[in-house]
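Subject: Structure handover

Hi,

Here is the structure I promised to pass on. Could you have a look at it alongside my notes below?

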Amino acid sequence: MLFNRPADTPQARYVIELMTLAYNELGYDLHIIDFNHQSALSAANNGTLDGQLGRISTISQQYTNLHPVNFPLFEFNLVLLKNCQQCTFEQIDSIAIQVGYPAAQSYLNEHPFIGDIINVKSVTAQLNLLTQQKVQGVLLLDFLLSTKHPHFDVNQFQMEVLAPIKSFHFLHSRHRALIPKLEKQLHKLNENGTIRLLRAKYNLD
């Protein structure tokens, strides 16, 4: 089974190890390749990749060939970092989001935003725009912020948790028959304590 390499975070390492175990039980090997992150969802949707290791549940609305394995892998927060004291999300005039991570775009689709939306390719670019006051706010996944920029001083900004979000494993339509088998394996790994041990190994609790 072929998947793109996610950004290197404790969450990603946990998901890779967990899904490797689950697939091995079903007689499959997991292969992780370096692939342009921005185009990974399209590649998974058109079948170049076999799916996505961990993504938010709403991606299947846009990528209709991708189907979730109904077992949340981990939870994270979508956070808003803003450089104005009193302003609410609705009052911000400009916001930077990272392309390739649909959580922010999905939130914006559900909570219409009338300001300017700047799409950038990395957390670093988002934080630079915020620090240089070229945008009033950035939408970030909390675990990417803490992994990629552990020493970034968030205290100089206002931080607001917008939504807790769950991450799921997705497979291309041609592998739909594997989905109930993987769900069964993941429940088994949960019941026998393997998931608890892995979460502890990667400090996810």
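Gln133 counts as exposed because its relative accessibility is 63% (buried is under 20% relative accessible area, exposed over 50%, partly exposed in between, with a 1.4 Å probe and protein chains only). Gln133 sits in the loop between α5 (123-131) and β7 (137-141), and its phi is near 60°, a positive value in a residue other than glycine. Helices here are DSSP runs of H or I with at least four residues, strands are runs of E with at least two, and both are numbered from the N terminus.

Before I go on, a word on the source: this is a predicted model, where local features need pLDDT of at least 70 and side-chain atom pairs count only at pLDDT 80 or more, while totals for chains, interfaces and linings use all residues. Residues are numbered from 1 along each chain as its sequence is written, and side-chain values use heavy atoms, with hydrogens and water left out.

Asn203 is another non-glycine with a positive phi, at about 50°. You'll find Asn203 in the segment after α8 (194-201), and with 68% relative accessibility it counts as exposed. For background, most residues other than glycine have a negative phi.

Now the sheet. Six strands make up an open sheet, in the order β3-β8-β4-β7-β5-β6, with mixed pairing (two strands pair if DSSP finds at least two bridges between them). At the edges are β3 and β6 (116-120), each pairing on one side only. From one strand to the next, the twist averages 25°. Helix α5 packs on this sheet and touches β4, β5 (94-98), β6 and β7, and its direction makes about 155° with that of β7. Contact means heavy atoms within 4.5 Å; axes are lines fitted to C-alpha atoms, for helices over the stretch in contact, and angles run from 0 to 180 degrees between N-to-C directions.

Strand β8 (residues 158-172) pairs with β3 (residues 51-56) in the antiparallel sense over four bridges, and there Gly51 has Leu171 as its bridge partner. β8 also pairs with β4, again antiparallel, over 13 bridges. In that pairing, Glu75 is bridged to Lys166 of β8, and Phe76 to Ile165.

What about Gln52, buried or exposed? This residue of strand β3 counts as buried, because its relative accessibility is 2%. The Gln52 side chain makes a polar contact with the side chain of Arg55, at 2.8 Å. (A polar contact is a pair of N or O atoms within 3.5 Å; within protein, one must be able to donate a hydrogen and the other to accept it, and residues adjacent in sequence count only if both atoms are side-chain atoms.) Leaving aside neighbours within four places in sequence, the contacts of Gln52 include Phe3, Ala40, Leu66 and Phe168.

On to the nonpolar side of things. The largest nonpolar core has 71 residues, and those with the most contacts inside it are Tyr14, Met19, Tyr23, Leu78, Leu81, Phe89 and Leu139. Strand β4 (residues 66-82) gives the most to this core, with 10 residues. A nonpolar core here is a set of buried Ala, Val, Leu, Ile, Met, Phe, Trp, Tyr and Cys residues joined through side-chain atoms within 4.5 Å. Beyond its neighbours within four places in sequence, Tyr23 is in contact with Met1, Phe3, Tyr28, Leu30, His169, Leu171, Leu178 and Leu182.

Last item: how many disulfides does a search of the whole structure find? One, and it joins Cys84 to Cys87, with 1.6 Å from S to S (the cut-off is a pair of cysteine sulfur atoms within 2.5 Å). The link is right-handed, with 50° about the S-S bond. Cys84 counts as buried because its relative accessibility is 14%, and Cys87 does because its value is 12%. Cys84 lies in the loop between β4 and β5, and it touches Ile92, Gln136 and Gln158, not counting residues up to four places away in sequence. Its C-alpha atom is separated by 38 Å from that of Phe71, which is 13 residues apart from Cys84 along the chain.

Cheers
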